[in-house]
Amino acid sequence: MQSLKEQRAQTHDRKMLIYAVIGFGCMIAYSRMLGEGFEGYMQIGSTTPQDTFYLLRSFARLFTIAVIAIGGYRNTLRINGIAVVAAGVLMTFSTAIFTFSGNGSLGALVALMAGASNGILLYAWMLLLSSYDMKRIMEVTLSGLVLAGAILMGGPYLPTAPQMAVVILSALLSSFSMLAVDPDFESCIPDGRLTRADLRQIPWFTLIMIIVCGSIGTVLYGMSLEFFWSFSDGANYIVFGISILLTIGASCLIMLRTKLWADRVWLPTFVLLMCSLCSCFLVAESVMPLCMGFLLASMFCYHFLHWMIFPAIFHEIKVPRHMIVGVVLVLTNSFLVSHLGGITARALPESISSLSSVAGLMAVGMIILFAVSWGFMGRTSNHGEAERIERIAVESFEQLKSENPELAQQMEVAEAEQTAAVAQPEPEPEPEPEPEPAPAPMTIEERFEQIGKQYGLTAREKEIAALTAQGFSSTYIAEKLVVSASTVRFHQQNVYRKLDIHSRTELIEIANAQE
C-alpha cells in the first residue's frame, strides 16, 4: 500500500507531465504555424507559402537565440518568468494583429515580435527538457508531437475565427505551461562555461551526423519540390508514415536499451537518409512519390528528433548547457536549409540538373564525411567515452542499490564487517599501554562542510552533495528535501562544475580525502 505522501507525489508528477506535454506540443505547433506565416496553416493541402516577412521572422528568432546563448555562457543573461510570459503575450499580440490587418503596415513589427518571442520559448523549452531524465524527455516529446500534429492537421478544417483562436491559445499555453512546470525557472539558470573536460564528454560524432543527415534530407526535399513541381500526386504518405514510425521507434529503442546510446542514436537517421538517397537514383515517374515520401520523412524526423535526442544527451553528459543549446538551436533551425534546396536546384548547370545526380554527389560526400568524422572522433573521444562508461557503471550500481534497500543494507553490513576485520590488530605477545583514543571520524556532513568552504558551495549544494556521496538517487533526494528531481540534478551539476569533476565516484573520492 502506498502512503498518502507517495500518492500525492505521483499525482503531482502526472500533473506536471500533462502541463509539460501541453506546453511543448503548443510550442511546436505555434513554431510551425509561425514558419508558414499563418497563411499555410489556414489552407488545407497547403504547400507552405512563405510571406514577405518570413526572412525577418527567421532572423529575429536566430538573433534572439544567439544573444541568449552568449549571455548565458558569460553568466550575464538568463531566461526568467517575466521573459517567458512576455514572449507568450507578444506572440498572442502578433497573432491578433495578423488576424485583423494581415501582413499590412504592421507586418514588420509583427514579424520581429513573433520571431524574437518564439526564439525565447524555443530556448527555454530546450533547457527545460535537458533538465529531465531520458524517459521523461521521451514522454513529453512524443506526446507533445501527437498534440502538435492534431493542432496542425485539424486547424485548417475550422472556420477562420476558431483557427486564429487555436493559434492564440497555442501561444499562451506554450509559455504559461512552462511557468506551471518550472515556476522558479531553475532549469534556465546559467551553469557556467564549457571546459576542455566538458568538451571531451560531448559525443560530437552523434551531433554532427544527426545535423548533417537532417540538413541533407531537408535540402533534397526542397530540390525535389523544384524538380517535380508539375507532379501533382506529391509524396507517398504511406511511405512517409512508415518511415517516421520506424525511425522514431528505432531511436527510442536505442536510447532505452543501449548503455552507450549517445554514441549510436544517430544510426536510424543515417539509415533513413541512405534510403532517401537510394530512392533519388530512380528517375521513373512512378517512383517520384516514393522518393518524396522518404525525403519528407527524413526532414520530419530531423526536425522532431533533435527535440528528443539532444536534450537527453545534454542531461546524460552533465555539462554546462547554455552555449551548446544555443548552437544546436541555430544549426537545426529550418531557416538555414529550408530555401537552400530550391536555390541550389535553380543554380545547378544543365549537366547535373537532376535529383539523381545531386543525390549521387551527396552520397559520396556522406561516405567521405562518415569516414573522416569517425576516424577523427575515434582518436579524440576515447577519454570522454571512458569517463561516460565509468559514470554509467556507477549510476547503474547506485540505482540498483536504491531499488533494492535490503541488498544495499546487506552490502553495507558486509563492508563494515570487512573493514572491522581488516582494522582489527593482531594480538601482541607482550601487553603494551593502551594508546590514546583516536578522534572520532568526521561525518559525511562535516566533510562537505569543509569542502563547501574550500570550493564555495551553497548550503543546499553541500546538503545534496552529501546525500549524493552516500549513494542516494536523485528521486530519493528530491523526496527527502521536498524539492523537484530537476532541482536536485541542477544542484548536482553545479557541485560537479565547482569541484571540476564529472561523476559520483570522483565526488566520493574528494569526500574521503577530507580528514
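**Notes on salt bridges and cysteines**

1. In this predicted model, K462 has a relative accessible area of 15%, and because buried means under 20%, this lysine counts as buried. Its side chain meets that of E449 in a salt bridge, with 2.9 Å from N to O. The pair links distant parts of the chain, K462 being in helix α19 (residues 459-469) and E449 in helix α18 (residues 444-455), 13 residues apart. E449, at 36% relative accessibility, is partly exposed.

2. Helix α19 also holds E461, which is paired with K498 of helix α21 (residues 485-499), so parts that are 37 residues apart in sequence are tied together. The two side chains form a salt bridge at 2.9 Å, N to O. E461 is buried, with a relative accessible area of 3%, whereas K498 is partly exposed at 27%.

3. The structure holds five salt bridges, and one of them brings together the side chains of D13 and R136 at 2.7 Å, N to O. This pair connects helix α1 (residues 4-35), where D13 lies, with helix α5 (residues 134-154), where R136 lies, across 123 residues. D13 is partly exposed, with a relative accessible area of 38%, while R136 is buried at 14% relative accessibility. Through salt bridges with shared partners, D13, R136 and E139 are joined into one network.

4. How many disulfides does a search of the whole structure find? The search finds zero, and for C275 the nearest cysteine sulfur, belonging to C278, is 6.6 Å away. C275 is partly exposed at 34% relative accessibility, whereas C291 is buried at 2%.

Note on methods. Residues numbered from 1 in each chain as written. Predicted model: local features only at pLDDT ≥ 70, side-chain atom pairs only at ≥ 80, totals over all residues. Heavy atoms only, no water. Disulfide = S-S within 2.5 Å. Buried < 20%, exposed > 50% of the residue type's maximum accessible area, 1.4 Å probe, protein only. Salt bridge = Lys/Arg side-chain N within 4 Å of Asp/Glu carboxyl O. Helix = DSSP H or I, 4+ residues; strand = E, 2+ residues; numbered from the N terminus.
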